[in-house]
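Subject: Structure handover

Hello,

Please find the structure below. My notes on it come after.

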Amino acid sequence: MPVSTSRTALLSVLLTTLSAVATPTSALAMPPEPPAQGQMHPPRSPLLHGIVLSASQQSQLQALLAKQPPPAKPQPSPELTALITAPQFDSQAARVLIAQQQATQAEAMLAHLALEQQIYALLTPAQQEQARANLARPPQPRGH
């Protein structure tokens, strides 16, 4: 594989990894609250699609979400910039950077899955059945 193709493939992986890590965990599961006038509904976990939570469940969900760290703001990586702008491509440095970003992404996913399980545990047996059906459905495109 030519260096430019290899470089393009690695950069694509890096950019994909960076965008995946930047997804805030707390944005994936929000309680049902009416939006303020003129605002859109907050994003919710697919787990809760179509499930009406009791006031107690909403309160418990709020408590779970309040314990979550604030989402990390994506920041330009000096290492990524140096890798891209270097006169020669350093594949070893790229591999190290990719591994670091994948480890960060894995930790974020682990925290997200733990939160989803805690949310699932708040549900009644009937709601859990609906949640399982929700999870079995293919994901819907955003905005639908």
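Predicted model: local features only at pLDDT ≥ 70, side-chain atom pairs only at ≥ 80, totals over all residues.

Residues are numbered from 1 along each chain as its sequence is written, and side-chain values use heavy atoms, with hydrogens and water left out.

Helices here are DSSP runs of H or I with at least four residues, numbered from the N terminus. The expected span of a helix is 1.5 Å times one less than its number of residues. Helix 2 has twelve residues and should span 16 Å; its end C-alpha atoms are 16 Å apart, which agrees.

Buried means under 20% relative accessible area, exposed over 50%, and partly exposed in between (1.4 Å probe, protein chains only). In helix 2, the buried residues are Gln57, Leu61, Leu64 and Leu65. Seen down the helix axis, they fall within an arc of 95°, so they line one face of helix 2; the arc is taken from the directions from the axis to the C-beta atoms. An α-helix has 3.6 residues a turn, so residues three or four places apart point the same way. The face turned away from the buried side of helix 2 carries the exposed residues Ala55 and Ala66. The buried residues of helix 2 pack against helix 4 and helix 5 (125-136).

A nonpolar core is a set of buried Ala, Val, Leu, Ile, Met, Phe, Trp, Tyr and Cys residues joined through side-chain atoms within 4.5 Å. The largest one has eleven residues, including Leu47, Leu61, Leu115 and Ala131. Helix 2 and helix 4 are the elements that give two or more residues to this core, and its largest share, three residues, comes from helix 2. Apart from it lies another core, of five residues, among them Leu83 and Phe89.

Last, the loop residue. Ser77 sits between helix 2 (55-66) and helix 3 (78-85), and counts as buried because its relative accessibility is 13%. Its side chain makes a polar contact (a pair of N or O atoms within 3.5 Å, one able to donate a hydrogen and the other to accept it; residues adjacent in sequence count only if both atoms are side-chain atoms) with the side chain of Glu79, at 3.0 Å. The side chain of Ser77 also reaches the backbone nitrogen of Leu80 at 3.1 Å.

Regards

Note on methods. Contact = heavy atoms within 4.5 Å.
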